[in-house]
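Here is a friendly briefing to read alongside the structure.

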Amino acid sequence: MTSPMTPSLSELTNTFAKIGCLSFGGPAAQIALMHRMILDEKKWVEEPDYLRALSFCMLLPGPEAMQLATWIGWRLHGVKGGLIAGGLFVLPGAVVVLALTLLYSALGDVPLVMGLFTGVQAAVIAIVIEALIRVSKRALKTREANLIALAAFAALFLFKLPFPLVILTAAIWGFFRTPATAKDPTAPAPPAALARSLKAGAVWLAIWLIPLGALVLLVPGRLAEIGIFFSKLAVLTFGGAYAVLAWMAQEVVEDKGWLTLTQMMDGLGLAETTPGPLILVNQFVGFMAANQAGGWQMGLAGAGIALWMTFIPSFLFIFTGAPFIDRLTHMPRLSGALAAITAAVVGVIANLSLWFALHVLFATLPEVSFGPLHLTLPDPASLRLVPALIAGFAAYTLLWRHWPLLWVLGISAAASALAAVL
C-alpha cells in the first residue's frame, strides 16, 4: 500500500477550495467526492483512518461532511489545516446562499418569482422523501430500529412532542440497551494528549460562547435570539439537516413567527441547489429573521450569527475529540446511542416529509385534537393542483428515473412559473 503523502498548505487550500465549489448533492455525495479526491487521487489519507474518522463524525451533532473535511485538514496540518479545509468546504456555498437570499428578499413578491419557488417547494417534497428512503435503508435493519422509528414519528406527528426530547430519549434507550464491553480495548490516552485536547476544547468553547454572551448582554433582541436558537440547534442536529428541519420550521414559523412557511420551504430549495452542507439553510433563516426585524443590514448580521453558531461547534468537536477517534469509535454504548438516534431520525424525516407535503399541497389544514392526540387533517377540496402535479413529476424523476437533482428542480420551477403566467 502506498504510504500517505503530506501536501503543502497551498495544495490543501487549492484542493478544498475545489471541493467546496463542487460539493453538491448532500452529505453522501460530498463524502464520496472527498474520498475520490483525497484518498484515490491525492493519497493523503489511508482508508482505515478515513472510515474511523467518518464514524466519529457521524457520532457528532452537526454536518458530518464538513466535520470530516475539518478532520482531514487537521490530520494533515493541525488546527490551521482543519480551519482551511472546514472553512473552504462551507465558504463557497455560504457566499452563493447569501447572494441568492439577498435576491430573494428583494424579489420574492414578484409573481413570476413566486411561481418559480412554488415549483421548487413541490420538488422539495420528493427530495425529502428520497432522503427518507436513503436513511431508512441504512438505519432500519432490525425490528427494534423499526419500532424506534415508528415511535419517533408518532411522538412528533400525533403527539407534537418536542424534537430534542425525541432524540434524547432514543439516545438514552440505545446507550443503556447496549452492553458496555469494549469491542477493541485501547490504551489510556497519554496525559499530554488529554491536556492538549482539554485546552483546545476550552479555546473553541470560548470562541463559540463569548460572542453569544456578548450578543445577549449588549444587543438584546432579535440578533441575540438568533444566536441562542442556532446554538441550541448546533448541539441537536443528529442525523443530518433533514432531521432537524421540521423542528426548526415549527420553531421559526409557528412559535417565533420569524418566517412564513413559504419562506422556509423556499430557503430549503435554495440550499438544495447550492454547494456545501444543506444546513446552510440556517444562514437563510438567520437573514430572513433579522431582516424582518430591522432591514437588510440587520439581515446580514443575522446571517453571519447563524453561520457562526452553526459551524463553530463543529470545529470545537473535531479539534477536541480527533486525537481520541480510535477509542471513541470502539465504545459500544456510544455506537448503540448513535444507532438508536439514527433509527429515530427515520421517524423524524418521515414527519418532515408529511408535514411539508401537507402544507405545500393543501391550502386548508384544520387541526383536530383528541386528548393528547393532535391531528393535522387536510381539506381535500383545498388541494393545489399545480404543486401536486409537479410533486408527482419530481417524485417520478428523482426516485424512479434518478435524474440529476438540479435538472428536476429547474424543470419544476420553470413549469410552475409557466403555470403562474398562464
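**Salt bridges and helices**

The count of salt bridges comes to five. Keep in mind that this is a predicted model.

**A pair within helix H3**
- Asp-49 and Arg-52 join their side chains in a salt bridge, at 2.6 Å from N to O.
- Because they sit three residues apart in helix H3 (residues 47-59), Asp-49 and Arg-52 are about one helical turn from each other.
- Asp-49 counts as buried, at 17% relative accessibility, while Arg-52 is partly exposed, at 27%.

**A pair between helices**
- A salt bridge also connects the side chains of Arg-177 and Glu-144 (2.7 Å, N to O).
- This pair links distant parts of the chain, with Arg-177 in helix H7 (residues 163-177) and Glu-144 in helix H6, 33 residues apart.
- Glu-144 is partly exposed, with 28% relative accessibility.

**Another pair**
- Arg-36 and Glu-41 meet through their side chains in a salt bridge of 4.0 Å, N to O.
- Arg-36 is partly exposed, at a relative accessible area of 43%.

**Helix H6**
- Buried residues in H6 include Ala-145, Ile-148, Ala-149 and Phe-157.

**Val-95 in helix H4**
- Val-95 belongs to helix H4 (residues 64-107) and counts as exposed, at 52% relative accessibility.
- Its C-alpha atom is 9.8 Å from that of Pro-275, although Val-95 and Pro-275 are 180 residues apart along the chain.

Note on methods. Residues are numbered from 1 along each chain as its sequence is written. This is a predicted model: local features need pLDDT of at least 70, side-chain atom pairs count only at pLDDT 80 or more; totals for chains, interfaces and linings use all residues. Side-chain values use heavy atoms; hydrogens and water are left out. Helices (H or I, at least four residues) and strands (E, at least two) are DSSP runs, numbered from the N terminus. Buried means under 20% relative accessible area, exposed over 50%, partly exposed in between (1.4 Å probe, protein chains only).
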